Amino acid sequence: MDYIHLILKAFAGGVAAIGFAVLLNANRSSLATIFFLGATGVFIKTGLLFFNFNIIIASFFGAIMVGFSSYFLALYIKKPPLTIAIPSVIPMIPGLFLYRMMIGFVELAGSKEFSEHEFVKLLSYTYSNGIKAIFILCVLAIGISFPYLIFRKSSMHYLRKREAKKGVVK
Amino acid sequence: MLQSSGACTARIRIILHRIANAYDMNADALITHRAIILTLLNNQEEPVFNNIKRTIPIGVNFKIVSGISLIGMSIENDKWELDRISSELDKLEKTPSYNRLVILSAVSLAGAGFCFLSDGNLFSMAVCFAATFIGLFVKQETTRIHLNPNLCVFLAAFTATMIAGTFRHFFPEGGLEQGFATSVLFLIPGVPLINSFIDFIDGNLLNGIIRLTNGLIFSIMIAIGMICSIVIFNF
């Protein structure tokens with residue numbers, strides 16, 4: 001995998017993010033941000049995979065990056081952070097793993113006769129794909145909500161409200 | 001409160017508090033999936049307003065979420081009158097969504113992008129584009145005649161995978177596994193799943209479980225639609 005491939009993938013991630021933003025009816029003014037964030041997330045994920053990181057860890061870092069930058073960009077363009085974070089993290093969802101898990105389950109539940117060796121092989125294939133997919137999904141959600149939970153207490157609105165309360169007391 | 005359009009529980013609570021504080025009141029609310037119970041107390045701790053409101057299960061709409069958030073902020077700053085608030089809410093509800101063709105082509109491009117992300121070749125990207133386009137069209141049409149949303153998702157997944165599967169059946173050497181797998185990705189319920197995790201971390205366990213179950217049912221519907229075409233084509 002070379003660098004052009006990486007950049008192309010990041011571009012594809014951005015396009016996918018925009019598609020989802022349009023599907024979820026996001027504001028027109030936030031589309032550019034969503035494209036940028038989606039591209040960043042995919043760029044980080046594939047870049048880390050390039051350095052032989054585990055795919056779960058790579059997705060986690062991608063999602064954290066998207067979460068943090070969405071938080072600050074949201075203050076800048078005055079939209080709730082989650083409305084730009086959710087579409088931009090969707091390109092990182094592991095569709096192929098989910099699909100392979102499902103195929104594995106269908107074959108396991110099918111009426112074919114398996115030898116024990118084949119059965120165990122198929123079972124391990126299904127489970128490794130499925131567990132990867134589910135862990136990546138969890139990690140994406142956690143990565144997005146991480147900055148949101150850290151900064152909630154110190155967010156701008158909270159500060160403003162506290163100042164207002166002090167003003168009332170005085 | 002039209003907050004059923006994809007905001008998490010904590011945000012609803014923050015906005016309620018913001019609006020109530022602007023009028024020197026204290027709001028206590030029980031927020032569930034289908035209804036909101038709201039009690040307003042004034043600053044002498046006397047109940048002023050007490051009501052149960054049913055929320056309408058409409059689709060995810062980020063424009064409304066960010067719009068209401070902005071309205072809440074401006075209420076806090078400028079103390080709007082009640083008429084102005086309701087007129088602004090009406091205006092927000094009537095803001096047009098995107099043109100249908102724009103939605104269809106953007107989401108199909110997103111499908112092609114997904115396919116590229118999972119190492120699909122150009123041919124499977126094209127197949128994925130077509131499958132997503134027609135699948136989403138089916139979903140919009142079935143939603144318009146008010147079918148059960150789960151059934152809509154099932155039909156859309158089934159159509160999309162049938163189209164991708166037909167191509168894969170006739171061109172078995174085309175490397176179309178990725179195209180087939182990614183042609184249903186436009187249906188994934190990303191918003192309920194992520195919202196449910198955020199609710200879990202916040203401690204709104206009940207709402208989190210409800211959203212998680214909702215998302216899981218959609219995923220199962222996608223899976224059933226996909227399995228139908230897998231069985232038909234016998235991959």
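A cavity is a set of grid points where a 1.4 Å probe fits but cannot get out. The legends below refer to a predicted model.

**Figure 1. Lining of the second largest cavity.** Three cavities of 30 Å³ or more are found in a search of the whole structure. The second largest cavity holds about 40 Å³ of space. Its lining consists of A:Gly67, A:Ser70, A:Tyr71, A:Pro81, A:Leu82, A:Ala85, A:Ile144, A:Pro147 and A:Tyr148. At least two lining residues come from each of α3 (55-77), α4 (81-89) and α6 (116-151) of chain A. By residue class, the lining of the second largest cavity comprises seven nonpolar and two polar residues, with no charged ones.

**Figure 2. The aromatic pair A:Phe11 and A:Phe35.** Over all chains, nine aromatic pairs are counted. The ring centres of A:Phe11 and A:Phe35 are 5.7 Å apart and the planes lie at 75°, so this pair is edge-to-face. The pair joins distant parts of the chain, with A:Phe11 in helix α1 (residues 3-23) and A:Phe35 in helix α2 (residues 31-50) of chain A, 24 residues apart. A:Phe11 is partly exposed, at 49% relative accessibility, and A:Phe35 is likewise partly exposed, at 26%.

**Figure 3. The aromatic pair A:Phe105 and A:Tyr127.** Because the planes of A:Phe105 and A:Tyr127 stand at 75°, with ring centres 6.3 Å apart, the pair is classed as edge-to-face. Distant parts of the chain are again linked: A:Phe105 belongs to helix α5 (residues 95-109) and A:Tyr127 to helix α6 of chain A, 22 residues apart. A:Phe105 has 39% relative accessibility and counts as partly exposed; A:Tyr127, at 46%, also counts as partly exposed.

Technical notes
Residues numbered from 1 in each chain as written. Chains lettered and ligands numbered in written order. Predicted model: local features only at pLDDT ≥ 70, side-chain atom pairs only at ≥ 80, totals over all residues. Heavy atoms only, no water. 1 Å grid on protein atoms, 1.4 Å probe; cavity = no way out; pocket = protein on both sides within 12 Å on 5 of 7 lines; lining within 4 Å. Points joined across faces, edges and corners; volume = space filled by probe spheres on them. Helix = DSSP H or I, 4+ residues; strand = E, 2+ residues; numbered from the N terminus. Nonpolar A, V, L, I, M, F, W, Y, C, P; charged D, E, K, R; others polar. Phe/Tyr/Trp six-rings, centres within 6.5 Å; stacked < 30°, edge-to-face > 60°. Buried < 20%, exposed > 50% of the residue type's maximum accessible area, 1.4 Å probe, protein only.
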